[in-house]
Amino acid sequence: MTILSRKERDRELRRSDILKAAEHIFALKGYYKATIRDIAKEAQYAIGTVYLHFKDKDALYFALLEEKMKSMFLSIKEKIGQAKDIRRKLEIFVEEGLVFFEKNQDFFRIFISEENDLISERKLLKSPIGLEMQEYTTSLIKEAQGQEVVSRDFDAGQIAEVFSAIIKTVILKWLQEKEEKDDNLIDLSGVILRLFLNGAAKK
């Protein structure tokens, strides 16, 4: 275990304070209306202190996005680590992801609605946490193929991309219709798993 110096601990504390303040401001105002000044004021730091940790608003937002994804990924891995059946592992993967997105929906709505102009999905996928999540998802698919739960006719990486795309599509639709409906996102986990494992063809 690495022991941080007091200076390093103070730096990490300031960074954490800034990220927490940024999450609140981004959710409240949206990316384009939020300013570094707003975030500094919320965190109770000087503007210069924010710039010591993040070069601009884009870098700050992406750092916050990575922190969110890391938190979700750790939760998913921990829960899946307690399961043995691959079908249950896939269920947990979907359920934990949906619960996390719903809990943090105000923040993720910004990314989903503004990503084309703000931060490309490709950038997130190429980040360390993005690559780690892709690798982990692919390993789950390979395990499912090994137990003949998922077809071996296709590459595991390609199937993992389809799996992720189904989840993202369901989340997007839920966000778009949330004001009209009062459904919980977790209630859609069964739909995702049925589409992924059984397809949409009439049996």
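Does Gln44 count as buried or exposed? With a relative accessibility of 70%, Gln44 counts as exposed, where exposed stands for over 50% relative accessible area, buried for under 20% and partly exposed for anything in between, using a 1.4 Å probe and protein chains only.

## About the model

This is a predicted model, in which local features need pLDDT of at least 70 and side-chain atom pairs count only at pLDDT 80 or more, while totals for chains, interfaces and linings use all residues. Residues are numbered from 1 along each chain as its sequence is written, and side-chain values use heavy atoms, with hydrogens and water left out.

## The chain as a whole

Let's start with the big picture. The chain has ten helices and zero strands, and reading along the sequence gives the pattern α-α-α-α-α-α-α-α-α-α. Here helices (H or I, at least four residues) and strands (E, at least two) are DSSP runs, numbered from the N terminus.

Along the principal axes, the C-alpha atoms occupy a box of roughly 60 × 45 × 25 Å. Of the 203 residues in the chain, 42% are buried. A contact means heavy atoms within 4.5 Å.

Which residues of H2 are buried? They are Ile36, Asp38, Ile39, Ala40 and Ala43. The buried residues of this helix pack against H1, helix H3 (47-53) and H4.

Now back to Gln44, which follows H2 and sits in the loop between H2 and H3. Gln44 is a residue other than glycine, yet its phi is positive, near 65°. As background, most residues other than glycine have a negative phi. Glu148 is another residue to look at: it is not a glycine, and its phi is positive at about 60°. Glu148 is placed in the loop between H8 and H9, and at 67% relative accessibility it counts as exposed.

## Aromatic pairs

How many aromatic pairs does the model hold? The count comes to seven, under a rule that pairs the rings of Phe, Tyr and Trp (its six-membered ring) if their centres lie within 6.5 Å, with planes under 30 degrees apart called stacked, over 60 edge-to-face and the rest tilted. One of them is the edge-to-face pair of Tyr31 and Tyr61, at 5.8 Å centre to centre and 80° between the planes. This pair links distant parts of the chain, 30 residues apart: Tyr31 is in the loop between helix H1 (6-29) and helix H2 (36-43), and Tyr61 is in helix H4 (residues 57-80). Tyr31 and Tyr61 are both buried, and together with Phe26 and Tyr32 they form one aromatic cluster.

Why is the pair of Phe73 and Tyr136 edge-to-face? The pair is edge-to-face because the ring planes stand at 75°, with the centres 5.3 Å apart. Phe73 belongs to helix H4 and Tyr136 to helix H8 (residues 128-146), so this pair ties together parts that are 63 residues apart in sequence. Both Phe73 and Tyr136 are buried.

## Two buried helix residues

Ile192 has its place in helix H10 and counts as buried, with 0% relative accessibility. Leaving aside neighbours within four places in sequence, Ile192 is in contact with Val94, Leu98, Phe163, Ile166, Ile167 and Val170. The C-alpha atoms of Ile192 and Glu95 are 9.8 Å apart, although 97 residues separate them along the chain.

Gln105 is found in helix H6 (residues 105-114). At 15% relative accessibility, Gln105 counts as buried as well. Not counting residues up to four places away in sequence, Gln105 touches Trp174, Leu175 and Lys178.

## The second largest pocket

Which residues line the second largest pocket? The lining consists of Val149, Val150, Ser151, Phe154, Gln158, Ile159, Val162, Phe196 and Leu197. The elements that give two or more residues to this lining are helix H9 (156-177) and helix H10 (189-198), and H9 supplies the largest share, three residues. A pocket is an open set of points on a 1 Å grid over the protein atoms alone, where a 1.4 Å probe fits and protein lies on both sides within 12 Å along at least five of seven lines; lining residues have an atom within 4 Å of a point.

By type, the lining holds seven nonpolar residues, two polar and no charged. In this scheme Ala, Val, Leu, Ile, Met, Phe, Trp, Tyr, Cys and Pro count as nonpolar, Asp, Glu, Lys and Arg as charged, and the others, Gly among them, as polar.
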